[in-house]
Amino acid sequence: YHLTNYFKPFIFTYLKICDKILINISEKAIIMAHSFMKYFRPLPELENKRLFLRRAYLTDTDDLFICMRNKNVCEFEVWSPHTSNIETLGFVNSLLIRYDNGTCTDWIIERKRDKRAIGVINLHDFSQSNNNSEMGFWLAEDCWGKGYATESAETILEFAFYVLQLNKVSCLCAAQNIRSKKVMKKLHMSYEGTLRKHINIHGTLTDIEVYSILRAEFHMPQNS
């Protein structure tokens, strides 16, 4: 008991030092992301000829549930098919909270002709010191093969390179995801390599292919 009392001040001092280190690390991470995140407060609205990229709203829940309940849509995603629109509502609400916090970099992909939410696209994992980020997206199955994924990605790349002034944007996809790899090729992205057994997708450690494009390699899309 007496020894415990004796060491208490040292323990408290040690914990305070640990807390300070963690706080400093967190502050540095926030500072590193800040120069990019200011462009997402609020999330900018982007568009091209056929698509409108915007923030999510609660009214998108039913459209997104149609996408997110489909096992083919999430075949190569880390999330499982949604079983009810309540689950999708939770996803939408999480985006709304992040919009309010100024930390959300996810756009809803809206098809202009019927104002339907047909998917989600985002930029993530920003690195200020390396001036790059990653891009990810998914789309409703009935919208596959119509050019929507390529067009929305081109619009995001235009924003990333000409507004954020990033030097490089990367995309990761499962090695078996043939459709996504076709989109990467249409975007003129370069294959950089394969991360073997890199991500657990539905219980299986999956090979992940890495693609990227540099600002100097990007050409403004015709339909912007």
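This is a predicted model: local features need pLDDT of at least 70, side-chain atom pairs count only at pLDDT 80 or more; totals for chains, interfaces and linings use all residues.
Let me begin with Met 135, which, leaving aside residues up to four places away in sequence, touches Ile 121, Asn 122, Leu 123, His 124, Ala 153, Ile 156, Leu 157, Val 169, Ser 170, Cys 171, Leu 187 and Met 189.

Read from the N terminus, the elements run α-β-β-α-α-β-β-β-α-β-α-β-β. The chain has 224 residues, of which 42% count as buried. Taking contacts between residues at least 6 apart in sequence, 64% join residues at least 24 apart. The chain exposes about 13,100 Å², and carbon and sulfur atoms supply 56% of that area.

I turn next to the aromatic residues. A search of the whole structure finds nine aromatic pairs. How are the rings of Phe 40 and Phe 159 placed relative to each other? Their centres are 5.7 Å apart and their planes stand at 80°, so the pair is edge-to-face. Phe 40 belongs to the loop between α1 (2–37) and β1 (46–47), whereas Phe 159 belongs to helix α4 (residues 148–162), so the pair ties together parts that are 119 residues apart in sequence. Both Phe 40 and Phe 159 are buried. These two residues also form one aromatic cluster with Phe 36, Trp 107 and Phe 126.

A cis peptide bond joins Arg 41 and Pro 42, with omega at about 5°. Pro 42 is placed in the loop between α1 and β1.

Now to the charged side chains. The structure holds nine salt bridges, and I shall take three of them in turn.

In one, the side chains of Glu 151 and Arg 50 meet at 2.7 Å, N to O. Glu 151 lies in helix α4 and Arg 50 in the loop between β1 and β2 (51–54), so this pair ties together parts that are 101 residues apart in sequence.

Another salt bridge is formed by the side chains of Arg 116 and Asp 142, at 2.8 Å, N to O. This pair links distant parts of the chain, 26 residues apart: Arg 116 is in strand β4 (residues 116–127), and Asp 142 is in the loop between β5 (132–139) and α4. Arg 116 is buried, with a relative accessible area of 13%, whereas Asp 142 counts as partly exposed at 43% relative accessibility.

In the remaining example, the side chains of Lys 168 and Glu 192 meet at 3.0 Å, N to O. Lys 168 lies in strand β6 (residues 168–174) and Glu 192 in strand β7 (residues 190–201), so the pair ties together parts that are 24 residues apart in sequence. Lys 168 is partly exposed, with a relative accessible area of 21%, and Glu 192 is partly exposed as well, at 45%. Elsewhere, salt bridges that share partners join Arg 54, Asp 60 and Glu 110 into one network.

Finally, some points on the backbone. Asp 125 has a phi near 55°, a positive value in a residue other than glycine. Asp 125 is placed in strand β4 and counts as exposed, at 53% relative accessibility. Gln 165 likewise is not a glycine, and its phi is positive, at about 60°. Where does Gln 165 lie? Its place is in the loop between α4 and β6, and at 37% relative accessibility Gln 165 counts as partly exposed.

Key:
Residues are numbered from 1 along each chain as its sequence is written. Side-chain values use heavy atoms; hydrogens and water are left out. Rings of Phe, Tyr and Trp (its six-membered ring) pair if their centres lie within 6.5 Å; planes under 30 degrees apart count as stacked, over 60 as edge-to-face and the rest as tilted. Helices (H or I, at least four residues) and strands (E, at least two) are DSSP runs, numbered from the N terminus. Buried means under 20% relative accessible area, exposed over 50%, partly exposed in between (1.4 Å probe, protein chains only). A salt bridge is a side-chain nitrogen of Lys or Arg within 4 Å of a carboxyl oxygen of Asp or Glu. Contact means heavy atoms within 4.5 Å. Accessible areas come from the Shrake-Rupley method with a 1.4 Å probe; for residues, only the protein chains shown count as cover.
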